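Below is a short report on one protein model. It covers a nonpolar core, a pocket and the salt bridges.

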Amino acid sequence: MRSLAISTSPNQQEAAVHATAIRDLNDIFRRNPMAGRVVITAGVDALPQREKLALLAAVVGFNAFDSGNDPFNEHDFGAVEQEGVNYFWKIDYYDPDYDMGSADPADPHITRRVLTVMRADEY
């Protein structure tokens, strides 16, 4: 019986390693958003404090990643429902001064992360 080996090119391997580094940094940040910046939209800010805290706890604990919401396996987007309302969260990557996009989101030395939490209807 002959087995088939699936080979990947060096570029595919590099891309996978790069995505893994981004995913790991995103997971660390999302679980400890004080390590970067958090932005909430007006719709989220209007929530009572208890609901805001519950929503942020849902984002911190989010783990329902799949090919639909995480096609690049970077854990940079998610959707949660709270009290019948849908919310999105996303992570963006900036340079150290938060002026421009990061040149390499896999490099924590040159990347600052921003977590935005919004109502789905504000997207």
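The text takes the core, the pocket and the salt bridges in turn.

This is a predicted model, in which local features need pLDDT of at least 70, side-chain atom pairs count only at pLDDT 80 or more, and totals for chains, interfaces and linings use all residues. Residues are numbered from 1 along each chain as its sequence is written, and side-chain values use heavy atoms, with hydrogens and water left out.

**Core.** The largest nonpolar core has 16 residues. Such a core is a set of buried Ala, Val, Leu, Ile, Met, Phe, Trp, Tyr and Cys residues joined through side-chain atoms within 4.5 Å. Val44, Leu55, Tyr87, Trp89, Ile91, Leu115 and Val117 have the most contacts inside this core. At least two core residues each come from H1, helix H3 (49–60), strand E3 (85–94) and E4; E3 supplies the largest share, 4 residues. Helices (H or I, at least four residues) and strands (E, at least two) are DSSP runs numbered from the N terminus. Leaving out residues up to four places away in sequence, Trp89 touches partners including Arg30, Phe62, His75, Leu115 and Val117 (contact: heavy atoms within 4.5 Å).

The largest pocket has a volume of about 160 Å³. On a 1 Å grid over the protein atoms alone, a pocket is an open set of points where a 1.4 Å probe fits, with protein on both sides within 12 Å along at least five of seven lines; lining residues have an atom within 4 Å of a point. The volume is the space filled by probe spheres set on the points, which are joined across faces, edges and corners. Leu25, Ile28, Phe29, Ala35, Pro108, Thr111, Arg112 and Arg113 form the lining. Helix H1 (10–31) and strand E4 (112–119) are the elements that give two or more residues to it, and H1 gives the most, with 3 residues. By class, the lining holds 5 nonpolar, 1 polar and 2 charged residues.

**Salt bridges.** The whole structure contains 7 salt bridges, each a side-chain nitrogen of Lys or Arg within 4 Å of a carboxyl oxygen of Asp or Glu. Three of them are tabulated.

| Pair | N to O distance |
|---|---|
| Arg50 and Glu51 | 3.6 Å |
| Lys90 and Asp92 | 2.5 Å |
| Arg119 and Asp121 | 3.0 Å |

Arg119 is partly exposed at 25% relative accessible area, whereas Asp121 is exposed at 59% (buried is under 20%, exposed over 50%, partly exposed in between; 1.4 Å probe, protein chains only). Shared partners join Arg50, Glu51 and Glu83 into one salt-bridge network. Within it, Arg50 is exposed at 57% and Glu51 is buried at 14%.

Terms used. Nonpolar A, V, L, I, M, F, W, Y, C, P; charged D, E, K, R; others polar.
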